[in-house]
Amino acid sequence: MLPTETTLPADLRPTSLVPQVMRRIREKGLLSTIRRMSFLANELYWERRLGIDTADCIPREFLSEDPASIGYDPIGYRQLALALHHADLTAPTGTFIDYGCGQGRVLARASVLPFERIMGVELSSKLCDDANANIDRLSRRTTCKTIQVINENAKEFVVPDDTKNIFLFNPFTGHLLEGVVEQIRLSLERQPRDLTILYILPPKAVDIFSRQAWMNKTFQHAWSGLKLHVHHSLPSIL
Ligand SMILES: C[S@@+](CC[C@H](N)C(=O)[O-])C[C@H]1O[C@@H](n2cnc3c(N)ncnc32)[C@H](O)[C@@H]1O
């Protein structure tokens with residue numbers, strides 16, 4: 001049984017809410033408490049609106065033996081909205097890929113956008129089961145009808161040549177990331193095209209796309225210690 005830590009319901013449980021809020025105000029101050037409550041309310045709103053359950057937090061040791069992998073911790077819905085705002089939605093919208101899709105939060109949220117296909121690649125079969133259950137439960141009418149969860153090591157995953165948007169939220173570093181970048185490059189070589197990469201990566205891995213001559217950085221935004229980067233392919237250089 002995997003250990004899970006679901007902060008959302010505990011923080012928002014009505015019986016414990018008032019004492020918790022008072023204690024947090026004493027310890028962290030009013031402004032920080034308002035920000036935290038606003039964050040949690042937004043998380044809860046989107047989980048309910050989509051009808052999904054993606055708020056677990058699972059350390060890497062329970063998912064993979066490879067230290068280059070990172071455990072499961074979903075991106076906040078606000079950060080995700082900003083990232084998706086930078087996705088290329090010009091027709092044909094092609095495939096959107098979330099590398100390390102976990103319980104499927106990004107897949108579910110992206111499904112209200114007009115992507116032709118959404119794919120999540122995930123190493124853990126347990127998380128793939130969770131993601132598929134969440135997709136089955138999606139309560140909101142989705143715009144994208146083809147959502148696929150692929151249980152595979154991202155490094156081995158062959159990028160479909162109609163992929164136009166790729167998203168990464170702290171899935172892995174090192175040789176895994178190098179392998180994924182090579183798979184992306186090979187796909188662009190097979191089918192030169194515009195490709196947008198939206199990512200948040202740990203500091204030690206963050207410059208990997210800037211080092212690729214065939215990618216061009218167009219946007220960067222930092223908040224609460226996280227930095228969103230947006231890169232576009234330069235098909236003429238490949
Ligand atoms: C920080 S979570 C991000 C989850 C999701 N993308 C989101 O933003 O809500 C990172 C995910 O990457 C997955 N992962 C780690 N190494 C992987 C690999 N080699 N191949 C595929 N997925 C991997 C983990 O199991 C975990 O679910």
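Let's start with a bridge in strand β7: K217 has H231 as its bridge partner there. Keep in mind that this is a predicted model. The strands involved are β6 and β7 (residues 226–233), which pair in the antiparallel sense over eight bridges.

| Residue | Residue in β7 | How they are related |
|---|---|---|
| K217 | H231 | bridge partners |

What holds paired strands together in general? Strands of a sheet pair through backbone hydrogen bonds, either parallel or antiparallel.

Now zoom out to the whole sheet. It is open and has seven strands, in the order β3-β2-β1-β4-β5-β7-β6, with mixed pairing. Which strands sit at the edges? They are β3 (147–151) and β6 (215–223), each of which pairs on one side only. From one strand to the next, the twist averages 15°. Helix α6 (residues 125–137) packs on this sheet, where it touches β2 (117–122) and β3. The direction of α6 makes about 170° with that of β3.

Next, the inside. How many residues does the largest nonpolar core have? It has 52, and L107, I166 and F167 are the ones with the most contacts inside it. Helix α7 (residues 174–190) gives this core its largest share, five residues. Take I166 as an example: leaving out residues up to four places away in sequence, I166 touches I97, Y99, I184, L195 and I197.

Finally, there's the ligand. Around it are 27 residues, and S69, P74, G100, G102 and F169 come nearest. Sorted by class, this shell has 15 nonpolar, seven polar and five charged residues. Which elements can you look at here? Both α5 (105–110) and β2 supply at least two residues each to the shell.

Notes: Residues numbered from 1 in each chain as written. Predicted model: local features only at pLDDT ≥ 70, side-chain atom pairs only at ≥ 80, totals over all residues. Pairing = 2+ DSSP bridges. Helix = DSSP H or I, 4+ residues; strand = E, 2+ residues; numbered from the N terminus. Axes fitted to C-alpha atoms, helices over the stretch in contact; angles between N-to-C directions. Contact = placed C-beta atoms within 7 Å. Core = buried A, V, L, I, M, F, W, Y, C linked by C-beta atoms within 7 Å. Buried ≥ 20, exposed ≤ 12 C-beta atoms within 10 Å, placed from the backbone. Near = placed C-beta within 6 Å. Nonpolar A, V, L, I, M, F, W, Y, C, P; charged D, E, K, R; others polar.
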